[in-house]
Amino acid sequence: MVTLTVPPDVSFIILAAVTIIGAILALQAKELIYGAVALAISFIGMAGFFASLDAPYLAMLQIAVYVGAIVVLILFTIMLVSREQSENIEGSEPGEGSVGLWLAGLLALSIAGVAALAGPNLPSIVPAANLSISDLGPALTSQYSVPLIILALLISSALLGALVLAKVER
Amino acid sequence: MVTLSSYLIVSAALLGIGVYGLSMKRSAIRILFAIEIIVNAANLNFVAFTRYMNPPQVSGQIMVFYSIAAAAMEAAVGLALILVASRINSTIDVRKLNKLKG
């Protein structure tokens, strides 16, 4: 049996590049539909992060829900919203400048600076991974069962609300 | 060596990209993209912290499980709102959707 092993540093850099470049392209791509595809690629990179952090169940859920459901829903919405409504509304108002860019850059830089400075104090030695998928099920049904029920009610009410909102009056 | 700070820095970069999209973009669908990117950044933080915790805890992964479900719900409602807005106002430019302005 041949196993392909990639050093963790290399895989981390590749995943970070895929995730971040996908996110940038999702916002900056000329066509909205290319942006949705770039968003799907960014979500797949995030699923890779989850897999590398020993959370295979979450990686599977990320691909199934984000790439399989949300991006497809977005694609259908882009097709339903007519083309002339969705194009030519990029660009900023005159006088608005690049305040948002400065705001976002300063926010990200300050948080990344704190994370980098706190690096020596954070736990760096990875403990042995002894969490498995079979640990998630009992926790979901015993300790965290009430939030699960509330979430189920919330999802059904939100889906009903979305249906009522999008209904065409005849 | 991949440390916890590396994951936090990637997450901060994603947060910055998302905030940029939220504040600068005018298309409602792009703003939804930005929201999803920010939610992803938060999920990455949860999973990274719970992985580096000693002994490993299951609570962070459960939190992300709920967060993914809530994000799917939010996308469904948001896209329904965008559809209704495009039908009523025939635009999805958020700078022009200002009928509630006093």
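Q: In chain B of this predicted model, what share of the contacts with a separation of 6 or more comes from residues 24 or more positions apart?
A: Such pairs account for 49% of those contacts in chain B.

Q: Which elements make up chain B, and in what order do they run?
A: Chain B has three helices and zero strands. Read from the N terminus on, its elements run α-α-α.

Q: How do I read the radius of gyration of chain B against that of a compact globule?
A: The comparison is with a globule of 102 residues, which would have a radius near 13 Å if compact. Chain B has 17 Å.

Q: What percentage of the residues in chain B is buried?
A: A residue is called buried if 20 or more other C-beta atoms lie within 10 Å of its own. In chain B, buried residues make up 57% of the 102 residues.

Q: Now the backbone angles. What is the phi of Asp54(A), and where does the residue lie?
A: The general idea is to look for a positive phi in a residue that is not a glycine. Asp54(A) is such a case, with a positive phi of about 60 degrees. Its place is in the loop between helix 2 (32–52) and helix 3 (56–80) of chain A.

Q: Why is Asp54(A) classed as partly exposed?
A: Asp54(A) has 19 other C-beta atoms within 10 Å. Buried starts at 20 and exposed ends at 12, so a count in between is partly exposed.

Q: Which segment holds Ser90(B), and what is its phi?
A: Ser90(B) lies in the segment after helix 3 (59–89) of chain B. Its phi is near 50 degrees, a positive value in a residue other than glycine.

Q: Is Ser90(B) buried or exposed?
A: Ser90(B) is exposed, because 12 other C-beta atoms lie within 10 Å and a count of 12 or fewer is classed as exposed.

Notes: Residues numbered from 1 in each chain as written. Chains lettered and ligands numbered in written order. Predicted model: local features only at pLDDT ≥ 70, side-chain atom pairs only at ≥ 80, totals over all residues. Helix = DSSP H or I, 4+ residues; strand = E, 2+ residues; numbered from the N terminus. Rg over C-alpha atoms; globule rule 2.2 N^0.38 Å. Contact = placed C-beta atoms within 7 Å.
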